[in-house]
Amino acid sequence: MRRMKTDVVVLGAGIVGVSTALHLVARGRSVVLLDRRGPGEETSYGNAGLIERASVIPYAFPRDWRSLWRYARNNTPDVSYHPRHLPRIAPWLLRYWWHSAPRRLARAAEAMLPLIERSVAEHDALKDEAGIAHLFRRNGWLDGVRSEAGLARAIAEAQALAPYGLNYRVLDREALTAVEPSLSRMAGAVHWLDPINVSDPGAVTRGYAALFQRRAGVLARGDARSLKPFGKAWQVQGEEGMIEARDVVVALGPWTPDVLRPLGYRIPMAVKRGYHQHYALEEGAALSHPVADIESGFVVTPMTLGVRLTTGAEFAARDAPPSPVQIQRARALAGQLLPLGAAVESEPWMGCRPCMPDMRPVIGPAPRHHGLWLAFGHAHHGFTLGPVTGKLLASMITGQSPDMDPAPYRVGR
């Protein structure tokens, strides 16, 4: 088996790893991108396809007793949990609840804003060169509600975001019907205009990976868990031989602890599992915008394979068998809004969102190992923040001045 030397090896070919590798080769580094599967085949494949420029406030843990009681009953469509997993995840949930207090949530929002603000621009900077502009739609998304009271709350929440300068319009029932004639049972929506969305998130990641290869980057298959220090460098075992690099980037999403734990790092990360499934629409029906049912916690998005129904959060062990409960609940509710036909896939897809309790990712150097760099923990915004994360980390690795302060994302925070 051959031995390969390179400047940087990036572990993980999801949107964050691919984007980091792409920005590194653009800065003159030789890079190997290693994963056990192909680019975009894990967490980056299964999302609602939103580049969430309007999501300036992180998804916080509820702090009112009414919501807590509602979720504790474990029968809601937006959040579910495996009872046996609760004792294991309880300390993390407590930290998540603590960080969700108003002042701490405001600090998290402030920390995340530089990333969110650049999310669309950094995707735009890559998509044309990658030749995948046809996958991108600039029609925003709809936060839909089923009641007049819900619409009033949604409008108030949108107005509260006025300091962020976001563009939106309010659609009453008649206006929403004009925009999406096949939708029913909705009293209206807030139409967010700044975000963009895509018709195939997996294809976007593969398109960026193909651009990486055209720029002389190397894709490799291998087990990231084989990573080990080697003098002043790093080694990882690929299928075609040992790979040696001066720097290594760990961008493994929910599998990051598997690599960092043997190196002595204890990362306070949990996963929120999620599901999606594609459906055909009945004859004559159509959907042109992503629509979030914000009172029920799911999203329907027009995709290449059909309408993708994406669920909320399931708290369960990362590797526990899939459970059909949440997708079944969401399917029943989505069928009230859209004339959904048969499922395209025989089984729902399941993935894991890697989440930090303070609602911000880890981006930057590891404190105890020279040449070890980290990029993980993006929670619900991995697809949104992949390119901007890659640009920030590549600047740090190559000694260039980043265009934002990386301190809020350091692992030692």
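Here is a quick tour of the domains, nonpolar cores and helix packing in this predicted model.

Some bookkeeping: numbering starts from 1 along each chain as its sequence is written, and side-chain values use heavy atoms, with hydrogens and water left out. Since the model is predicted, local features need pLDDT of at least 70 and side-chain atom pairs count only at pLDDT 80 or more, while totals for chains, interfaces and linings use all residues.

**Domains**

The protein splits into domain 1 (1-63 + 102-136 + 196-269 + 356-412), domain 2 (66-100 + 270-355) and domain 3 (141-193), with bounds from an automatic or database domain assignment. The centres of domain 1 and domain 3, taken over C-alpha atoms, sit 33 Å apart. Nine residues of domain 1 are in contact with five of domain 3, where contact means heavy atoms within 4.5 Å.

**Cores**

A nonpolar core here is a set of buried Ala, Val, Leu, Ile, Met, Phe, Trp, Tyr and Cys residues joined through side-chain atoms within 4.5 Å. Buried means under 20% relative accessible area (1.4 Å probe, protein chains only). The largest such core has 61 residues, and Leu-115, Phe-136 and Tyr-208 touch the most other members. Helix H11 (residues 382-397) gives this core its largest share, eight residues. Domain 1 and domain 3 both contribute residues, so the core lies between them. Leaving out residues up to four places away in sequence, Phe-136 touches Ile-51, His-123, Lys-127, Ile-196, Asn-197, Val-198, Val-204 and Tyr-208. Another core, of 27 residues, lies apart from the largest one and includes Val-9, Leu-34, Val-259 and Leu-374.

**Helix pairs**

Helices are DSSP runs (H or I, at least four residues) and strands are E runs of at least two, numbered from the N terminus. Axes are lines fitted to C-alpha atoms, for helices over the stretch in contact, with angles from 0 to 180 degrees between N-to-C directions.

| Pair | Angle | Axis distance |
|---|---|---|
| H5 (residues 119-130) and H8 (residues 201-214) | about 70° | 9 Å |
| H4 (residues 102-117) and H11 | about 100° | 8 Å |

H5 and H8 are therefore roughly perpendicular, a label for angles of 65 to 115 degrees. Between these two, His-123, Leu-126, Lys-127, Glu-129 and Ala-130 of H5 meet Gly-207, Tyr-208, Leu-211 and Arg-214 of H8. H4 is roughly perpendicular to H11 as well. Met-112, Leu-115 and Ile-116 of H4 make that contact with Leu-385, Val-388 and Leu-392 of H11.

**A buried histidine**

His-85 sits in the loop between strand E4 (79-81) and helix H3 (86-99). His-85 is buried at 11% relative accessible area, and beyond residues up to four places away in sequence it touches Phe-315, Ala-316 and Ala-317.

Key: Buried < 20%, exposed > 50% of the residue type's maximum accessible area, 1.4 Å probe, protein only. Parallel < 35°, antiparallel > 145°, perpendicular 65-115°, else oblique.
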